[in-house]
Amino acid sequence: MNPFLTPEQKQQLRRLIEPGLPLTERPYQQLAERLGASEHAVLAQMRRWHDAGLFRRVGLVVNHRALGFLANAMLVLDVPDDRVDAAGRLLGQAPGVNLCYQRPRRPPRWRYNLFCMVHGRQQAEVRRHIERLLRDLDLADLPHELLFSTRAFKQCGGRYAPAGGHRHG
């Protein structure tokens, strides 16, 4: 088989990987079979896209609620701009922090610029963990709130390939 994918196969591969990789022992082989290509060609294309900087990361979305993690909270902090990178690094590497990112403030109603997701089984456990983290990382003096999830929304990655194989634009 050809070690390169055709333009049509590349477009189809983009559509196939957007919802996530197949949950099989050899996901790239399964994708190759659907494309009528070799596993080598699919892996080579994925490598080329990665080398070109088209993938920031490849990750896994875990259904934490199905695993019993029902007390899920977003810690939001108002961090001075000159401290936000350092605070983000500390929190992002802390045990139990599943996600940490910076976003712009939206004054006057929203003052917070650093967001951290923590999953737990009980709210009291999550509260204690956050209090300990803030104290241990010397961040307890920062204005913050702990916002617990009340609903779960379906998570999915970005969508970049046009549906049905049609090109737009």
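**Note on the predicted model: helix packing and burial**

1. The buried residues of helix H4 pack against strand E1 (71–77), strand E2 (97–102) and strand E3 (114–120). Buried means under 20% relative accessible area, exposed over 50%, and partly exposed in between (1.4 Å probe, protein chains only). Contact means heavy atoms within 4.5 Å. Helices (H or I, at least four residues) and strands (E, at least two) are DSSP runs numbered from the N terminus.

2. This is a predicted model, in which local features need pLDDT of at least 70 and side-chain atom pairs count only at pLDDT 80 or more, while totals for chains, interfaces and linings use all residues. Residues are numbered from 1 along each chain as its sequence is written, and side-chain values use heavy atoms, with hydrogens and water left out.

3. In H4 (residues 84–93), Val 84, Ala 87, Gly 88 and Leu 91 are the buried residues. They lie on the same side of H4, because the arc they cover around the axis is only 100 degrees; the arc is that of the directions from the helix axis to the C-beta atoms. Arg 89 and Gln 93, on the other side of H4, are exposed. An α-helix has 3.6 residues a turn, so residues three or four places apart point the same way.

4. Helix H1 (residues 7–17) packs with helix H3 (residues 39–51) at an angle of about 80 degrees, and their axes are 12 Å apart. H1 is therefore roughly perpendicular to H3. Angles of 65 to 115 degrees count as roughly perpendicular, under 35 as roughly parallel, over 145 as roughly antiparallel, and the rest as oblique. Axes are lines fitted to C-alpha atoms, for helices over the stretch in contact, and angles run from 0 to 180 degrees between N-to-C directions.

5. H1 contributes Lys 10, Leu 13, Arg 14 and Ile 17 to this contact, and H3 contributes Val 42, Gln 45, Met 46 and Trp 49. By class, the residues are five nonpolar, one polar and two charged.

6. Gln 45, in helix H3, is buried, with a relative accessible area of 3%. Beyond its neighbours within four places in sequence, Gln 45 is in contact with Leu 5, Lys 10 and Leu 13.

7. Overall, the protein chain has five helices and four strands, in the order α-α-α-β-α-β-β-α-β from the N terminus. Of its 169 residues, 33% are buried. Among contacts between residues at least 6 apart in sequence, 66% join residues at least 24 apart.

How values were computed
Ala, Val, Leu, Ile, Met, Phe, Trp, Tyr, Cys and Pro count as nonpolar, Asp, Glu, Lys and Arg as charged, and the others, Gly among them, as polar.
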